[in-house]
Amino acid sequence: MKGLTPTQTLNGRGLKVLVIHTRWNLEIVNSLTQASVAKLTSLGVLETDIAVREVPGAFELPFAAMKLLPGYDAVIAIGVLIKGDTMHFEYISDSTCQGLMRVGLDAGIPVVLGVLTCLTEEQACLRAGIGGVDKKSGHNHGEDWGSAAVEMALLNRGK
Ligand code: DLZ
């Protein structure tokens, strides 16, 4: 079956998580961010231990993650890249993903890749749970990013 299979009961109490999101494609990004935060709290992360910051676009996510990460147990970097008519999409997607991976490995703190790279807005909406005519279709990947952040933060703490 496609998608993330939960492996264990995660307890995120005591973890501090930073969520950074973009302002490009904001309606979709907001849906993803809300789902990530909701999943974090449902797994026990206190609201007071979650910080939400914003940046202009996906390309800025790695730098912001690097600068803001100290003191957090995990970072979720959220953005939505939608392919246009030029090569911009390819360059931004590639450098954003590589940059986020580098920040996480260099810092030794998990950085969750919450960046959708879609061919169309419709694809992105479906992956944010706001697809279809009812604007309720699809699966919101933000949930998976919230649980990935908790799971990886606990792994990093040796739990
Ligand atoms: C320039 C650009 C383009 C074309 N598309 C997107 C997009 O789909 N999603 C996104 O998050 N950001 C986009 N950007 C903006 C870049 O990520 C970045 O903010 C600017 O190039 C400034 O560095």
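## Salt bridges

A salt bridge is counted here where a side-chain nitrogen of Lys or Arg lies within 4 Å of a carboxyl oxygen of Asp or Glu, and this predicted model holds 6 salt bridges. One of them joins Asp-49 to Lys-16, with the closest N and O atoms 3.0 Å apart. This pair links distant parts of the chain, 33 residues apart, since Asp-49 sits in the loop between α1 (26–42) and β2 (50–55) and Lys-16 in the segment before β1 (17–22). Asp-49 is buried at 12% relative accessibility, whereas Lys-16 is partly exposed at 37%.

Asp-73 and Arg-157 also meet through their side chains, at 3.2 Å from N to O; Asp-73 lies in the loop between α2 (61–68) and β3, and Arg-157 in the segment after α5 (141–156), 84 residues apart. Asp-73 is buried, with a relative accessible area of 16%, while Arg-157 counts as partly exposed at 40%. In the salt bridge between Lys-83 and Glu-90 the closest N and O atoms are 2.7 Å apart; Lys-83 is partly exposed at 33% relative accessibility, and Glu-90 is partly exposed at 30%.

## Ligand surroundings

The shell around the ligand divides into 7 nonpolar, 3 polar and 1 charged residues, and includes Trp-24, Phe-59, Glu-60 and His-88. Its largest share, 3 residues, comes from β3, and both β3 (74–82) and α3 (88–107) supply at least two residues each.

The protein covers 73% of the 480 Å² of accessible area that the ligand has on its own.

Terms used
Residues are numbered from 1 along each chain as its sequence is written. This is a predicted model: local features need pLDDT of at least 70, side-chain atom pairs count only at pLDDT 80 or more; totals for chains, interfaces and linings use all residues. Side-chain values use heavy atoms; hydrogens and water are left out. A residue is near a molecule or strand if one of its heavy atoms lies within 4 Å of it. Accessible areas come from the Shrake-Rupley method with a 1.4 Å probe; for residues, only the protein chains shown count as cover. Helices (H or I, at least four residues) and strands (E, at least two) are DSSP runs, numbered from the N terminus. Ala, Val, Leu, Ile, Met, Phe, Trp, Tyr, Cys and Pro count as nonpolar, Asp, Glu, Lys and Arg as charged, and the others, Gly among them, as polar. Buried means under 20% relative accessible area, exposed over 50%, partly exposed in between (1.4 Å probe, protein chains only).
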